[in-house]
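User: Could you walk me through this model? I would like to start with the overall picture and then look at some individual residues.

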Amino acid sequence: MWLKAKGREATWSSDPHDLPDVPVRDRSGDVVEQIDLVKLLGRLPTLQRTVMAFEIDGSTSAETAEALSMPAPNVRQNLLRARRNLNRMLQEEDAGGAV
């Protein structure tokens, strides 16, 4: 994702008139959810965890496939498996299991 962002150089203005009219959403409450997500991802097999991390970062299947030197259909299959495993883990957690 760093490589994608690198191509989008942004310039920042120090002029207060350039500030947005709408306040930015406070995302500090998301920290607990992010920690839970990292714990769940840690329980996935390595390849599923890797392709899911690329997905979360906003990569397409083709970009992930290129980065991992594997066919795009393999990436999509592992994403499907990762989603199924994460769904199962979340259902187990809702039923009283541990993360």
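Analyst: What follows goes from the fold and the confidence to single helices and residues.

User: Where do these coordinates come from, and how are things counted?

Analyst: This is a predicted model, in which local features need pLDDT of at least 70 and side-chain atom pairs count only at pLDDT 80 or more, while totals for chains, interfaces and linings use all residues. Residues are numbered from 1 along each chain as its sequence is written, and side-chain values use heavy atoms, with hydrogens and water left out.

User: What is the mean pLDDT of the protein?

Analyst: The mean is 83, and 78% of the residues reach 70 or more, where pLDDT is the predictor's confidence in each residue, from 0 to 100.

User: And where is confidence lowest, and where highest?

Analyst: Confidence is lowest in helix α1 (residues 2-6), with a mean of 59, and highest in α4, at 95. Where pLDDT is low, the predicted coordinates should not be read in detail.

User: How many helices and strands are there?

Analyst: There are five helices and zero strands, in the order α-α-α-α-α from the N terminus; helices (H or I, at least four residues) and strands (E, at least two) are DSSP runs, numbered from the N terminus.

User: What share of the residues is buried?

Analyst: Buried residues make up 19% of the 99 in the protein, with buried meaning under 20% relative accessible area, exposed over 50%, and partly exposed in between (1.4 Å probe, protein chains only). The protein exposes about 7,800 Å², of which carbon and sulfur atoms supply 55%; these areas come from the Shrake-Rupley method with a 1.4 Å probe, and for residues only the protein chains shown count as cover.

User: Which residues form the largest nonpolar core?

Analyst: The largest nonpolar core has twelve residues, namely Leu40, Leu41, Leu44, Val51, Met52, Ala65, Met70, Val75, Leu79, Ala82, Leu86 and Met89. Helices α2, α3 and α5 each supply at least two residues of this core, and α5 gives the most, with five. A nonpolar core here is a set of buried Ala, Val, Leu, Ile, Met, Phe, Trp, Tyr and Cys residues joined through side-chain atoms within 4.5 Å.

User: Tell me more about α5, then.

Analyst: Helix α5 has 23 residues and reaches 33 Å from its first C-alpha to its last, close to the 33 Å expected at 1.5 Å a residue, the expected span being 1.5 Å times one less than the number of residues. Its buried residues are Val75, Asn78, Leu79, Ala82, Asn85, Leu86 and Met89, and what covers them includes α2, α3 and α4. Just after α5, Gly96 takes a positive phi of about 110°.

User: Is Leu86 buried or exposed, and what does it touch?

Analyst: Leu86, in helix α5, counts as buried because its relative accessibility is 13%. Leaving aside neighbours within four places in sequence, Leu86 is in contact with Leu40, Leu41, Leu44 and Met52. The C-alpha atoms of Leu86 and Leu41 are separated by 7.7 Å, although the two are 45 residues apart along the chain.

User: Switching to α3, why do its buried residues line one face?

Analyst: In helix α3 (residues 46-56), the buried residues are Gln48, Val51 and Met52. Seen down the axis of α3, they fall within an arc of 100°, so they line one face of the helix; the arc is that of the directions from the helix axis to the C-beta atoms. Their cover includes α2 (30-42), α4 (61-68) and α5 (72-94).

Definitions and conventions. Contact = heavy atoms within 4.5 Å.
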